[in-house]
Amino acid sequence: MDLEILKGLERIVGSEFVSTKADVLLTYSQTASMAADPILPVAVVRPADTHEVSELLKLANKNKITVVPRSGGSSLQQEAIPKPNSIVIDLMRLEGIKLYEDLQSVTVGAGVTYGELDKFLDKHGLFLPVYPESALVCTVTGNVAVNGAGPGSSLYGCTGEMVLGLEVVLPDGTIIQTGSEANPNASGPFLRYAFGSDITGLFIGSLGSFGVITKASMKVFRRPEFLEYNLFGFEAAEQAERFLLEAKQNDISGLFTSIYSGEVLNLFWDMIGDEFGYPTIEFPHRAVSMTIGRVREDMAKSDAKLACEICEKLGGTIIHAPELRDFEWDGRLWNFVRACYAHGWHWRTLYHHQTITNSHKSVDMITEVMDKYGFIGHTAGFNTGSSSMNMYPHMYFDPQDPAEEQKVRDGHKELAKTLFKSGAVPFKLAEYWKDAIEGMDDYLAFLKHIKNIIDPNNIMNPGVLGGI
Amino acid sequence: MDKEIVKELSRIVGEEYISTRKDVLLTYAASASTSYERVFPGAVVRPGTTEEVSEVLKVANKHKIPVTPRGGGSSLQGEVIPQEDGLVIDLMRLDDIILYKDLRSVTVGAGITFGVLEKYLNKQDLWVPYYPGSSLVATIAGNVSVNGAGFGSPIFGCVAEHVLGLEVVLPDGTVIQTGTEANPHAPGPFLRYAFGPDLTGLFIGSLGSFGIITKVSLKTQKRMKFFDYNTYGFVTVEQAQKFMQELRTNDINSMWVALYEGRILDFFLDMVGEEYGVPQHEWPNYTVSVAIGRIRQDQLQSDMLAAKAVCEQLGGHEIGIKELPKGEWEDRLREFVRSSYVHGWHWRILYHHQPLANWYKSMETIWEVMDQHGILGQTAGFQSQRSYNFYPQLYYDPQDKEEEERVVAAHKDLSKKLFKTGAVPFKLAGYWIEGITEMDSYLRFLNRIKDDIDPNHIMNPGIIPKPKGGDN
């Protein structure tokens with residue numbers, strides 16, 4: 001890297017927070033996206049505050065240096081893998097949690113993880129009700145940038161729906177604040193849709209390509225003290241989907257509702273059953289796992305009773321598996337990650353959303369691709385928002401076996417195409433969707449247009465947004 | 001308007017759907033915004049499809065004609081007052097409704113009003129639980145453009161929170177679809193946040209400045225059948241504010257929550273009390289009028305008890321008069337309009353949001369400004385999740401020029417003072433930004449996007465305020 005530029009970076013953040021050491025760069029060359037090839041950046045900087053981020057971007061913009069923002073590094077679809085000759089801006093030093101109890105909201109710096117925030121909010125009887133599955137390491141702003149979902153989303157929607165405002169540093173170094181806090185006199189974040197057009201949304205799911213999110217203001221809610229857990233078994237996928245739809249339509253407060261195929265549950269059991277001391281269970285063709293949460297006990301009980309009635313009306317059975325509650329809700333901050341890595345394989349994922357009544361199609365298509373290419377994997381999904389299923393297929397490979405890895409790459413590519421044709425949608429425009437998407441030229445041209453307006457020098461994570 | 005251009009436009013929409021007649025233009029020269037001067041457009045077109053809207057915009061863009069899109073014309077802050085000799089695009093002929101039962105969603109054309117949609121969904125035992133005050137005439141697409149709030153908002157927030165996707169015609173005629181329907185294979189709308197950055201938001205609250213919304217996809221829900229109406233009295237404003245917050249945090253499904261100061265309640269009941277059958281009552285300092293709605297009866301029972309408990313815990317009391325919230329809720333498709341016009345004055349409005357705990361700040365500021373400027377008015381509002389949506393109305397006699405001027409001055413003064421209290425507008429009407437420099441970088445960003453999406457500035461020009469400190 002150019003020495004003058006390096007000096008410039010050091011002047012901004014201090015020399016102890018810039019590194020070009022090979023071992024440090026190696027750490028930043030990869031993320032939890034294990035199926036991606038590592039790329040070494042030329043330098044890593046760790047700014048302390050928004051002002052320093054702004055100065056860094058001014059410098060990068062002037063010198064047209066590619067910038068990749070990074071926080072917890074837990075993203076799975078290569079969002080924080082550096083570009084050749086890029087600098088990485090590590091945001092973990094932007095700490096700080098500010099609670100606005102009267103407004104039922106909280107503002108966090110870009111370095112605050114869900115784990116940290118949950119611990120903080122728990123003391124106040126509050127929660128931010130969307131937990132990405134890597135919550136212990138995942139930062140809130142990072143998750144806003146990828147617009148994730150997870151436990152809690154079945155009731156509250158994706159992370160995007162929790163946002164009340166963002167502080168963003170644009171590629172030219174300008175700092176803007178969105179939402180009610182755009183008014184410097186505002187007592188805090190209380191409304192996202194202030195001041196006309198919603199610019200907040202532009203940065204949600206932007207994968208760091210429009211600027212660096214330095215603070216996020218989020219909705220918080222009273223923590224539900226009363227939980228009811230049940231596993232509902234069905235012989236047909238359509239019954240399970242119908243059950244989920246009816247439960248939602250009847251205002252059953254499912255915080256986290258997943259549909260699992262029997263095979264997937266057996267696989268989970270194989271992986272973690274021993275560790276948790278789970279008894280052997282005969283799983284049906286499909287099972288709906290539902291954690292109901294309410295702040296009042298009678299409401300939780302009423303929901304649970306009605307859910308059982310709907311299940312039975314649709315010909316389902318109630319499976320006794322209280323162990324799953326620990327897994328699904330109580331262990332929401334870490335169990336998913338454990339299940340993903342406990343088996344030791346590497347994997348590619350292909351996050352997408354499918355309608356509730358089409359979610360079995362995703363399962364079928366994924367199974368077909370696995371059979372065709374001859375690798376193993378699985379898929380399941382959980383309900384997000386009013387009518388979507390967030391599917392997270394995993395395709396496994398042995399990292400020592402390049403032939404197997406290639407099969408997974410090919411299968412993954414084909415799957416993106418077939419899923420798109422089935423009407424599925426990505427929630428983040430990961431690069432591989434680029435080849436799968438057709439018939440969206442005007443949309444993508446508009447997105448590219450916006451990218452050009454905001455980042456004319458194309459310094460911010462270029463290509464990450466479906467090739468844009 | 002140039003005759004050749006009129007011909008070009010009439011080739012697109014058909015001769016019967018274009019007009020340059022004086023009496024027709026007069027109709028389109030004004031809207032429900034009573035305090036705005038009429039401006040005559042050069043022509044009005046009424047396209048029948050999205051394709052026609054697209055073709056019309058291409059022509060307007062080519063000739064750089066200012067365009068004002070218009071739905072029901074019920075907006076109150078001058079949003080659809082045309083530009084001199086500009087083109088009004090009346091969208092009321094875009095009147096399709098498509099229901100996606102399994103997706104729990106519905107798509108409506110830009111000409112569908114809340115009234116029409118309500119009637120349609122009611123037959124299916126469904127609803128979109130959100131009603132702006134002028135629901136009978138307000139279109140959904142128009143309301144998305146101004147990002148309104150109303151009945152249902154205490155629980156569900158502003159209209160933006162119901163949106164799953166939009167079909168938008170950009171100023172150059174390009175048609176884009178946001179949300180899941182951006183995928184041409186998608187079975188319909190089921191998620192707003194698809195395909196990365198949320199482009200939908202850009203058009204919500206955009207006041208028609210980035211393009212024309214031709215279709216809106218919205219979430220639907222099963223209709224609530226069980227309602228409880230009640231009034232809760234408090235001595236101090238802090239108690240009443242806290243009560244609104246506690247309704248939320250305790251998961252009490254209050255679909256309508258309005259906090260009335262004693263003197264305003266008297267004024268309001270003078271107008272509609274008799275009609276709603278509200279009995280005479282010595283109202284307390286602060287009254288909170290609440291309509292709770294639920295899908296299941298046992299939930300309603302539980303909510304009623306919880307609301308009472310919260311009220312009493314805060315030192316308030318259940319007043320027990322149900323007619324006020326019942327009248328408001330059942331009249332939700334027309335209540336606002338009725339109470340706004342029944343007195344016969346003209347008025348300026350200053351919509352804004354204030355955090356629940358700062359409700360008193362708006363109240364104090366509004367009284368102070370009315371006293372200072374010697375004008376008459378009132379303010380009411382309702383809860384919208386974490387905030388309170390105020391709509392102060394400043395009255396004047398349209399025959400009295402001097403009074404109107406005082407109201408205009410007071411309005412200006414009020415917007416500045418409210419901004420200082422930390423209130424925010426939900427639509428960026430120009431008067432909000434006057435004299436404010438603290439938001440320059442925000443406005444510069446917005447203007448940059450505007451300049452690029454609409455380089456010829458044909459879409460509702462001037463509606464986005466310029467930064468006070470200049471462009472750079």
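In chain A, strand β5 (residues 97-100) runs antiparallel to strand β6, and 4 bridges join the two. The model is predicted.

**Burial of β6(A)**
- Strand β6 of chain A spans residues 105-109 and is mostly covered, with 5 of its 5 residues buried.
- From this strand, S105(A), T107(A) and G109(A) point one way, while V106(A) and V108(A) point the other way.
- Residues on either side of β6(A) are buried.

- Between β5(A) and β6(A) lie 4 residues, and the two strands form a hairpin.
- Q104(A), in the turn of this hairpin, has a positive phi of about 55°.
- Opposite V108(A) of β6(A) stands I97(A).
- β6(A) also pairs with strand β10 (residues 212-219) of chain A, in the antiparallel sense and over 5 bridges.
- M218(A) in β10(A) is the bridge partner of V106(A).

**Aromatic rings**
- Over all chains, the structure holds 42 aromatic pairs.
- One aromatic cluster in chain B includes W127(B), Y131(B), F151(B), F227(B), Y229(B) and W256(B).
- Also in this cluster are W329(B), Y351(B), F382(B), Y391(B) and F426(B).

**Charges over rings**
- In chain B, K22(B) lies over the face of F40(B), 4.7 Å from the ring centre.

Terms used: Residues numbered from 1 in each chain as written. Chains lettered and ligands numbered in written order. Predicted model: local features only at pLDDT ≥ 70, side-chain atom pairs only at ≥ 80, totals over all residues. Heavy atoms only, no water. Phe/Tyr/Trp six-rings, centres within 6.5 Å; stacked < 30°, edge-to-face > 60°. Lys NZ or Arg CZ within 6 Å of the ring centre and 35° of its normal. Buried < 20%, exposed > 50% of the residue type's maximum accessible area, 1.4 Å probe, protein only. Pairing = 2+ DSSP bridges.
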